[in-house]
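Subject: Structure handover

Hello,

Here is the structure I promised to pass on. My notes on it follow below.

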Number of protein chains: 4
Amino acid sequence: MPAEFKIRHAVQFVETDMAGIVHFSNFFRWMEACETAFYRSLKLPLMSFNPGKVVGWPRVNVSCEYRAPFRYGDTVEVRLLVKEVRTRAVVYVFQFRRIVRGRPAALVAARGEITAVCVQDDPASGRMVAAPIPAAVRAKLQVAPAKAWAR
Amino acid sequence: MPAEFKIRHAVQFVETDMAGIVHFSNFFRWMEACETAFYRSLKLPLMSFNPGKVVGWPRVNVSCEYRAPFRYGDTVEVRLLVKEVRTRAVVYVFQFRRIVRGRPAALVAARGEITAVCVQDDPASGRMVAAPIPAAVRAKLQVAPAKAWAR
Amino acid sequence: MPAEFKIRHAVQFVETDMAGIVHFSNFFRWMEACETAFYRSLKLPLMSFNPGKVVGWPRVNVSCEYRAPFRYGDTVEVRLLVKEVRTRAVVYVFQFRRIVRGRPAALVAARGEITAVCVQDDPASGRMVAAPIPAAVRAKLQVAPAKAWAR
Amino acid sequence: MPAEFKIRHAVQFVETDMAGIVHFSNFFRWMEACETAFYRSLKLPLMSFNPGKVVGWPRVNVSCEYRAPFRYGDTVEVRLLVKEVRTRAVVYVFQFRRIVRGRPAALVAARGEITAVCVQDDPASGRMVAAPIPAAVRAKLQVAPAKAWAR
């Protein structure tokens, strides 16, 4: 029952802008890449298309705070922490650190947050509606201690 | 002295994902497109490279709240509102509405916020440092009334 | 029965890279944006999801040749020319020119090409298969003269 | 003196489009990611900013041929092959294969090509001009046999 997960990402040339640093919008792509790898590690699909029972996690709220820039050549550690598990939603915190000599720097260079709502296919209306998180998913999510994500 | 500005954007195919809706990360590209057009309308560069005096607006905080999805074929109105002008920073609110029969729908389908800090080239250190917003820029920014952006 | 179409696009900050110019991958987004606007002008959907009869245009071959860079602040004219209409495919050429004092420069700064195949839903197999271009679409596509696209 | 290099990439949600497959433009991002990792493995910077001697590799020609789609959940092998080393340019071929049970499938699902020109800072004009590939770089590039990339 993991409460956190991390990946490493080498900054790509296309992710930089003319100011010479990573464009701020890419941090959201990295958060989702980490979330995808987290679900893969849990053997859970981030989105499933079982006939008659689509399950997905649309985002209702996202944010990011930037403290220090990343540059081409940097390797970034993206750390996901489960902040909160509600009946129909999960809140993740993401911490971004630069890898220096093989290890993540102490400084959290950026900090993101995503609130994702669990939706399922409603056979009656043919629409996606918010639904309780399936028990199999819930069983695999553990909330991280506040001291881990409150930075 | 404008306090708001708006653009229209036709949803692109590449902006959709396999869930059939616009991927959440694109809203940040749209906010910046609106900000760029706003500065262009003011005859101000969003980023200037005058020798010895680079001025830019790195983001320190961004967020977005999603209430209804956009789909391929939709045209979106992106409305920028100046929420706050500080000595060294500006806070913008962005409202996203779907265009229906030529006019923006009443529903704000998404709402974003960007805090951008004014930075200038510091000849002494050779680095970018936070700096007071140039008077020429400040003179052109007016804060919108709270009732306009508080939605 | 148009053989060509054009749009204008203001270069976005996110489209630049640390070399200070537009990243080459964005030209393919611009080609598709022009194709989308072209189909919209013809009152044809680029992709349609009529139940039991999905029609789409996956790409089988794309290319781009770069002769001069674009920068932030530039406005680009993207011109689509219909090069070839086959039974099951269309070939488009795209020419990119910088707008100088309100008009496209003589220089073609980049030149792209897309071969798109018409596919339809095959009820028997449940898969997308190459299919003859619907008559309603074909009737609206005219091939441009070689002297127009051979640059 | 390597003539080829490969990376693996897990398809990201943001890379899919409403047709449920990876959008064609992403293959160019993957090519560049592979090229970046190749140069990193050679201990060569893909772009260097040594004062007074910037070296970069702008693209003059790129293309991609698509034979089979990739989907979310797929892992892709991107294989770079050095097709040609000219005085001032390098031509790479890229082969994309799906990983099945830990190994690349026989089918080349897509095939790309990039021609990159070596440029250097010209102190006289202050512009980037095509220049002979530095000896240190050239010494590390070996051309792959035609039978490897001619697929």
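In these notes, contact means heavy atoms within 4.5 Å. By that rule R151(B) touches R67(B), Q95(B), R97(B) and R111(B), leaving aside residues up to four places away in sequence.

Some ground rules come next. This is a predicted model, in which local features need pLDDT of at least 70 and side-chain atom pairs count only at pLDDT 80 or more, while totals for chains, interfaces and linings use all residues. Residues are numbered from 1 along each chain as its sequence is written, chains are lettered from A and ligands numbered from 1 in the order in which they are written, and side-chain values use heavy atoms, with hydrogens and water left out.

More on R151(B). Its place is in the segment after helix 3 (146-149) of chain B; helices (H or I, at least four residues) and strands (E, at least two) are DSSP runs, numbered from the N terminus. R151(B) is partly exposed, with a relative accessible area of 45%. On this scale buried means under 20% relative accessible area, exposed over 50%, and partly exposed in between (1.4 Å probe, protein chains only). L107(B) lies 44 residues from R151(B) in sequence, and the two are 9.8 Å apart in space, C-alpha to C-alpha.

Next, how the chains are related. Chain B can be laid on chain A with an RMSD of 0.0 Å by a turn of 180° and a shift of 0.0 Å along the axis; copies are superposed by least squares on the C-alpha atoms of residues with pLDDT of at least 70 in both. Of the residues of chain B, S63(B) comes closest to the rotation axis, at 2.0 Å (C-alpha). Chain D can likewise be laid on chain B, with an RMSD of 0.0 Å, a turn of 180° and a shift of 0.0 Å along the axis. That is the relation of a two-fold axis.

The contact between chains B and A takes 18 residues from chain B and 18 residues from chain A. The two chains bury about 1600 Å² between them, 69% of it on carbon and sulfur atoms; buried area is the accessible area (1.4 Å probe) that two parts lose on being put together, summed over both. In chain B, F24(B), V62(B) and Y66(B) lose the most area to chain A, together 29% of what that side buries. Of the interface residues of chain B, 100% are also interface residues in chain A, so the copies meet through the same surface.

How many salt bridges are there between chain B and chain A? The count is 0, whereas over all chains it comes to 36. A salt bridge here is a side-chain nitrogen of Lys or Arg within 4 Å of a carboxyl oxygen of Asp or Glu. One of them joins E113(B) and R111(B) (3.4 Å, N to O), and both of these residues are buried. Another pairs R67(D) with E65(D), the closest N and O atoms being 3.0 Å apart. R67(D) is partly exposed at 38% relative accessible area, and E65(D) is partly exposed at 29%.

Last, a hairpin. Strand 9 (residues 119-122) and strand 10 (residues 127-130) of chain B run antiparallel and are joined by 4 bridges; two strands pair if DSSP finds at least two bridges between them. D122(B) stands opposite R127(B). The hairpin has 4 residues between its strands, and G126(B) in the turn has a positive phi of about 75°.

Regards
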